[in-house]
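Please keep the sequence and the model in view while working through the points.

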Amino acid sequence: MVNAHVVAVLAFDGMAPFELGVVVEVFGLSRPELGDLPWYELRVCAEEPGRDLRAVGGFTVRAEHGLDALTAADTVIVPGVAGPGEEVSPALTEALLQAHARGARLVSICSGAFALAATGLLDGRRATTHWRYARALAERHPEIEVDPHVLYVDNDDVLTSAGSAAGIDLCLYLVRADHGAAVANTVARRFVVPPHREGGQAQFIEAAVGKIDPGDDGVSQSMDWALRHLNTPLSVNALARAACMSERSYSRHFTRRHGVSPMRWVISQRVTASLPLLESGEGTVDEVAAAVGFDNAGTYRHHFTRQMRTTPTAYRKAFVRVSSM
């Protein structure tokens, strides 16, 4: 019998419940729709187990497990810290280090990055957090390359994500890494969220009133136009014309707004558009590639594997297998 992959999530006094709820939803619910696939075993942990912990919103949570259970887990998730400006307790820092030394995968959501940063495991690495806390994290830990623009960063053994909803993206990414894209898509359907957003996708950072980019409407129009013409040859020049902008200005506005280049976005949309075609089981991979605008199947396979962490053929087989359960 295969042992369940144990996921430990930290609960603490003053926590925001959304991030904890995300972890519970992804890793703590039973999954009858997946048949006999072994699922995760979730343990909610606290530095002082058994006592009531106040949550934002006026209710309390009681964690059954202590830091010893966190240290023994396969994946450890820190969904936040009591205050980004406060010191992380030595007990939590030591537990995280011990878990990592055992081979556990450490994960943070939102301000949880401050707890991982306190261990020193992010030094010399790229990491992210909610954009509101990015400057504070960089100032407090100058050894870390803080990227405030992305949804999540995968350093293999240590992963960080941006605020609240980006935790959904990272948790689904972990499921995808462990069980494949089809299983992650099934979980996303139950969650009623898009199955995949790349970690490099931009956070939605608040813009100052009165400084709305005059090119934004044109960029949006060009994106709508591109989605209707994915199966045709597309270029930055064609997108810029659809936006009624110069190519140089368009590229600058697009990248600043979305965190990726126009053509990187087009490739991502083409891969995403190919998913339902693969899921249907109809047509060859070459035909799917052509249907969503790739010049050849080799290019399609390259970008699909880069984005989905599996091949088109493996994705189709896995999806058909899970759908038939």
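1. A helix axis is here a line fitted to C-alpha atoms over the stretch in contact, and angles between axes run from 0 to 180 degrees between N-to-C directions. The model under review is predicted.

2. How do α11 and α13 cross? Their axes come within 10 Å and cross at roughly 90 degrees. Because angles of 65 to 115 degrees count as roughly perpendicular, α11 and α13 are described as roughly perpendicular to each other. On the α11 side the contact is made by R264, I267, S268, V271, T272, S274, L275 and L278, and on the α13 side by Y300, H303, F304, R306, Q307 and M308. These residues divide into 7 nonpolar, 5 polar and 2 charged.

3. The length of helix α11 can be checked. With 19 residues (262-280) at 1.5 Å a residue, α11 should span 27 Å, and its end C-alpha atoms lie 29 Å apart, so the two values agree.

4. Which residues of α11 are buried? They are P262, W265, V266, S268, R270, V271, S274, L275, L278 and E279. The helix is followed by G281, whose phi is positive, near 80 degrees.

5. Is R309 buried or exposed? Its relative accessibility is 57%, and therefore R309 counts as exposed. Leaving aside residues up to four places away in sequence, R309 touches Y173 and F304. The C-alpha atoms of R309 and G180 are separated by 8.0 Å, although these residues are 129 residues apart along the chain.

Methods
Residues numbered from 1 in each chain as written. Predicted model: local features only at pLDDT ≥ 70, side-chain atom pairs only at ≥ 80, totals over all residues. Heavy atoms only, no water. Helix = DSSP H or I, 4+ residues; strand = E, 2+ residues; numbered from the N terminus. Expected span 1.5 Å × (residues − 1). Buried < 20%, exposed > 50% of the residue type's maximum accessible area, 1.4 Å probe, protein only. Contact = heavy atoms within 4.5 Å. Parallel < 35°, antiparallel > 145°, perpendicular 65-115°, else oblique. Nonpolar A, V, L, I, M, F, W, Y, C, P; charged D, E, K, R; others polar.
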